[in-house]
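Please look at the fold as a whole before turning to single residues.

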Amino acid sequence: MSNNLDEIFMALSDQTRRDLVHSLAEKEQTISELAAPYDMSLAAVSKHLKILEKAGLLRRRVDGRTHYCSLRPEALGSALDWISIYRRFWNDKLDALENILPSSPKGEENA
């Protein structure tokens with residue numbers, strides 16, 4: 001599992017790569033299947049996939065000349081752990097704010 005957050009976040013910083021990850025979350029696909037929705041060459045899609053692979057976000061399986069890609073969701077674990085720290089931080093801050101703000105009197109919620 002990749003613990004390199006820089007590589008994971010860099011890989012996910014591009015919309016095309018995020019779309020590829022989303023597509024791979026549905027099922028294993030060939031590079032041709034992954035490239036079909038894009039107006040770019042197979043080589044360009046392959047470059048995006050290599051970045052995702054280097055970050056540990058996908059695995060590649062070769063059967064003859066066909067390359068199959070699948071998502072490695074466990075690789076997203078370290079990124080999720082890092083993001084979760086900040087989710088807890090903001091939830092705690094919002095809970096504290098809610099506790100110090102006066103409650104609206106009955107009937108004034110929708111005023």
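Leaving aside its neighbours within four places in sequence, Leu-42 is in contact with Ile-31, Ser-32 and Ala-35, where contact means heavy atoms within 4.5 Å. Leu-42 has its place in helix α4, and the C-alpha atoms of Leu-42 and Ile-31, eleven residues apart along the chain, are separated by 7.3 Å. At 45% relative accessibility, Leu-42 counts as partly exposed, on a scale in which buried means under 20% relative accessible area, exposed over 50% and partly exposed in between, computed with a 1.4 Å probe on protein chains only.

The model is a predicted one, in which local features need pLDDT of at least 70 and side-chain atom pairs count only at pLDDT 80 or more, while totals for chains, interfaces and linings use all residues. Residues are numbered from 1 along each chain as its sequence is written, and side-chain values use heavy atoms, with hydrogens and water left out.

The protein has five helices and three strands, and from the N terminus on its elements run α-α-β-α-α-β-β-α; helices (H or I, at least four residues) and strands (E, at least two) are DSSP runs, numbered from the N terminus. Buried residues make up 28% of the 111 residues in the protein. Among contacts between residues at least 6 apart in sequence, 55% join residues at least 24 apart.

Helix α2, residues 15–26, includes Thr-16. Thr-16 is buried, with a relative accessible area of 17%, and, leaving aside its neighbours within four places in sequence, Thr-16 is in contact with Tyr-38, Met-40 and His-48. At 1.5 Å a residue, the twelve residues of α2 should span 16 Å, and the end C-alpha atoms of α2 are 17 Å apart, which agrees; the expected span of a helix is 1.5 Å times one less than its number of residues.

Which residues of α2 are buried? They are Thr-16, Arg-17, Leu-20, Val-21 and Leu-24. These residues cover an arc of only 140° around the axis, which puts them on the same side of α2, the arc being that of the directions from the helix axis to the C-beta atoms. On the other side of α2, His-22, Ala-25 and Glu-26 are exposed. The buried residues of α2 pack against α1, β1 (29–30), α3 (31–35), α4 (42–54), β2 (58–63) and β3 (66–71).

One of these partners, α4, can be followed in detail. The axes of α2 and α4 come within 10 Å and cross at roughly 70°, where axes are lines fitted to C-alpha atoms, for helices over the stretch in contact, and angles run from 0 to 180 degrees between N-to-C directions. The two helices α2 and α4 are therefore roughly perpendicular to each other, given that angles under 35 degrees count as roughly parallel, over 145 as roughly antiparallel, 65 to 115 as roughly perpendicular and the rest as oblique. Thr-16, Arg-17, Leu-20 and Val-21 of α2 make the contact with His-48, Leu-49, Ile-51 and Leu-52 of α4. By class, the contact of α2 with α4 has five nonpolar, two polar and one charged residues, with Ala, Val, Leu, Ile, Met, Phe, Trp, Tyr, Cys and Pro counted as nonpolar, Asp, Glu, Lys and Arg as charged, and the others, Gly among them, as polar.

The buried residues of α5 are Ser-78, Ala-79 and Ser-84, and the buried residues of α5 pack against α1. At 1.5 Å a residue, the 24 residues of α5 should span 34 Å, and the end C-alpha atoms of α5 are 35 Å apart, which agrees.

Within α1, Leu-5 counts as partly exposed at 23% relative accessibility. Leaving aside its neighbours within four places in sequence, Leu-5 is in contact with Ser-78, Ala-79 and Trp-82. Leu-5 and Ala-55 are 50 residues apart in sequence and 8.5 Å apart in space, C-alpha to C-alpha.

Finally, Arg-72 lies in the loop between β3 and α5 and is buried, with a relative accessible area of 17%. Arg-72 and Leu-24 are 48 residues apart in sequence and 9.1 Å apart in space, C-alpha to C-alpha.
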